[in-house]
Every structure is written in C-alpha cells, then in structure tokens.
Amino acid sequence: MKNITSINCPLMVEGLVPVDAIPPEHDSSALVADIAVSPECNIRLFNAGDTIFTEGSSADRAYIIESGYVEIFVGSGEDSLQLNVLGPGDIFGEMGIIDASPRSASAKAICPCRCIVVSAAQVAERIESSSPMVRLFISMSLHRNRAYNAYLKTLSTPQVSLPSPAVSEKAYAKNQQYQQILDDIKLESDLQNAVRNDELFLVYQPLLDLNNQRIIGFESLLRWQCPQRGLVAPQQFIALAEETSLILPMGDWILEHACADLQRFQAQLDCIGQSNTDFFISINISVKQFQQPNFFDRLMACTQRHQVNAQQIKLEVTERIFLDEIEAIDSISKCRAAGFEVSLDDFGTGYSSLNYLERCEIDCLKIDRSFIQKLCSSDRAKILVGAIIDIARQLGLPTVAEGIETPAQMAALRAMGCDIGQGFLFSQPLPLTEALGLVGQPLAIAPINPA
Ligand code: C2E
Ligand code: CA
Ligand code: CA
C-alpha cells in the first residue's frame, strides 16, 4: 500500500495521522465486556483487520470512533492508497450518507475498534430540515472532497486520467438544483440590500363597507422595486424574508412607513373636510415579527413618533401565531388593550383548531381569498363562507372578504351578511398618491371579470 504522504498534494495531506502514530497497545478485553453491556444497535465493534465498508458499496451509516483506529483507503492490494488514519473522536463514512452516493473509499479497522453508528435516516432528517444554503455548502464540500480523492487516486495510477477537480466542479455547478439554491442565495443577498437601499415601498388596497360601498380604510401591501429584477411581488420574497429573519428589519420599515402614510391619509381627509377617526390602515404583521419580545414596545414607539392613533391601525396576523398560543394571546391582549385592532387574516386556511377563538379575543375575521374565488361556483365554498360569517356574527365580530373580483361575489357576500369587502372589483393595490386620491370619493366599480 502506498501512503498518501508520499504524494505531493499539500491540500489533502493536511490533517493526516501517520500510521506510526497509532498506539501499539489496545485493551481488547474491554470490548468484549462492552458487547455484554451495550447490545444497542448504535454501537458496533470491529476486530483488527475487519473491513467496515468497501469502496463502491452503498452507504447507509456513518461512524464515530470511540476507541481504536480505522484506516481509510482507495484501491486494493498493491495499488491501494491510504487516505487517512482516524482515531477516537473522528467521524468516517459520512460522505455517502449525506449525498446518498456509493462509498468513495474503503474503511478497515487496524486494531479493535468501538464505534457509534449514525444512521442515514438520522442524518437525512436533520439535513432536510436545514436551510437550502447549508445543504448547498455541504453538497459542494462533499463534491470537492470526492473530486480530490478521485484525482489523488489517478496520481498514483498514471494510466488512468480524470479531469482536474476544478473542471469537475464547474460541471457540477451547472446542475439545476445547485442553480436554484444559488438563485435563492442571490435573492436573499439582494433582499438585504433592498432594506438598506430603500428599494421597498408600500401600496394600498381599499377596504369597503359592503352596505354602502364607501372606503373605510386601506390594507398596506409591500412591494420591492429591485434594480436587477424589476418589480417583485411579495409571494416571491416574503417567505424567504421570514425564513431568514430579514422580515424583522423589513417589518420595522413597514411599520414606520405605514404610520407615516396613515398621517397623510388623515391629512387628506382633513383637507377635504371629512375628518374621520374611524378611518384605518391594516398592516400585515408576520409571525416572527409578532413573536419578538419587544414587538409591542416598537409598535407603540412607532405610533408615537408619527403621532397616529392606535385605534386607526389594524394588525393583520394569521392563525399561525397561535402555534404558540400562550405567547400569542398575551401579545394580542397587550395590543388590543392599547387600542390596536387585531384581524385574523387568511381565516380558515392555517390552523386546525378553533379553540383559540374561545380563549383569545380578536376584532375581525378576514375570510381567505381561496373561499371567495369559489363562492359562486362551489356550493361547499358557499356553505363554508356562510359558516364563517355565522361564527363571526355569534362572536360579535365583523367579517372582511378579500379577493372579491365579480359583482356576483359581492352580491352573494352582502346577502350572507359579510360586512367589509376588498378585491380587484373595487381596486387593485395602488401607490400612495393614487390611494390618497380615492379617499372620500365614491368608488367606480370596474369588474375585471364580470360574472
Ligand atoms: P394577504 O395579506 O392575504 O394580502 C392580500 C393579497 O391578495 C394581496 O396580494 C392582494 O394584492 C391580493 N388581492 C387582493 N384582492 C385581490 C383580488 O381580487 N384577486 C386576487 N387574485 N388577488 C387579490 P399581495 O400584495 O401579492 O400579497 C401577498 C401576501 O404577501 C399577502 O397576503 C401577505 O401575506 C404578504 N404581504 C404583503 N404585504 C406584506 C407586508 O407588508 N408584511 C407582511 N408580513 N406580509 C405581507
Ligand atoms: Ca393581509
Ligand atoms: Ca389574506
């Protein structure tokens, strides 16, 4: 066998344990005793010379050495090449289980060994729950490692030739999954700049009293004007912002601007002689934002900075905040006690139990757009919308229907007793200046899809 240290490749030599570093004495009697006391399947014992796995075989577990030494090598017989000698605390066999590839090297016990076994399933579960960026980094490191191992092997067998690791890495980087993750990482980096460079802006969609079709408030909706990507809709970046906690600085930005804009709406109402303290702005608050321990203090500080009334701000939260019910009830109560109204957004889509409605007081239910879309074509959707409106009425809560696109949907909702409507039938979300122009005006209904 050739020892890798004889090959001139500084990259891979680093960290190697020379064979002569292995302690000569091993007390194998301790292992025998262990078999008796440790029959659990997550401990494996090997005798000197035992093959643990062979190059090319499928990988279903990794090992952590508790005691003993293991040799990692490629090739066989005279042509085998030692890559590493590992001892207590070292991990081996992890590459194959991380990327579900065949073993790229063989492992053999060079003295009695006791190893902890980590199953592929244990690792897969953790990798799947990690972020795509972490997965990409792991996968690229593995690929690099494999490419260098394969390249080293060819150095010892000059008759075989392989592309250099750099060439193989470029080919690997072209794969689609890699590109997708890279795109997400770029999106995240652009999004960080968006907050810093003031590329975000708010648009406003009117909410109408369905009985008289008057505008009673607006929902603020976030937009991102990205210099490279153009106008980006929230579906494309809010989920990522939530995953990465970027939603926190973004949420501060949204609160700041929505409060400043509320002041301008109020000034516009004053200007046309229709001062109205019932006029409101609905602000979407993400779960992460709402769960910040100091969310309430930030909200209060923001409204005070802009001198706007808490009573004119509705906080739109989704049912997901009730996954941590005690905390959610506490935060909602605090906000309501200070005068903010709390609306449950996307009602009926997010959470399997309605118990929280009994334990937590809120101010309004927003029926999800998916129900409204099917309202005139599905009896079941109609029954569900009717039931939601009934529940709300019994609880003394108003209902908002979002996503109204046709006069027929509006008529059906009015007949069922829904109080407030929002949707393209009335208006698309508008830039602030256009929204200001709608205040106090009768709204011309322009159906995008008359039914
Ligand atoms: P959402 O809170 O349910 O907002 C309503 C969405 O429905 C908006 O999409 C709005 O443009 C759209 N919509 C309103 N009427 C109609 C209609 O008649 N037909 C159709 N097809 N769509 C209609 P948008 O602005 O793309 O926002 C999507 C989601 O992104 C929002 O859903 C909300 O969950 C999130 N989002 C938007 N702005 C913010 C924000 O400032 N903060 C947070 N945390 N989330 C936001
Ligand atoms: Ca909303
Ligand atoms: Ca909604």
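Trainee: Which strand gives the most to the shell around ligand 1?

Mentor: Some ground rules before that: this is a predicted model, where local features need pLDDT of at least 70, side-chain atom pairs count only at pLDDT 80 or more, and totals for chains, interfaces and linings use all residues. Residues are numbered from 1 along each chain as its sequence is written, chains are lettered from A and ligands numbered from 1 in the order in which they are written, and side-chain values use heavy atoms, leaving out hydrogens and water. Strands are DSSP runs (E, at least two residues), numbered from the N terminus. Here strand 11 gives the most, with four residues. Strand 11 (214-226) and strand 15 (341-347) each supply at least two.

Trainee: How many residues surround ligand 1?

Mentor: A residue counts as near if one of its heavy atoms lies within 4 Å. Ligand 1 has 21 of them around it, and the closest are L222, R223, D345, E405 and F424.

Trainee: Which polar side-chain atoms lie by the nitrogen and oxygen atoms of ligand 1?

Mentor: A polar contact is a pair of N or O atoms within 3.5 Å. The side chain of E405 has an N or O atom 2.5 Å from a nitrogen atom of ligand 1. R369 puts a polar side-chain atom 3.1 Å from a ligand nitrogen, and D346 has one 3.3 Å from a ligand oxygen. As for cover, the protein takes up 87% of the 790 Å² of accessible area that ligand 1 has on its own (Shrake-Rupley method, 1.4 Å probe).

Trainee: And which residues are the protein donors of the calcium ion (ligand 2)?

Mentor: Donors are N, O and S atoms within 2.8 Å of the metal (3.2 Å for Na, K and Ca); water is not among the atoms, so sites may look incomplete. For ligand 2 they are E219 (OE), N284 (OD1), E316 (OE) and D345 (OD), at 2.2 to 2.3 Å. Along the chain their spacing reads E-x64-N-x31-E-x28-D.

Conventions
Polar contact = N/O pair within 3.5 Å; in protein donor to acceptor, adjacent residues only side chain to side chain.
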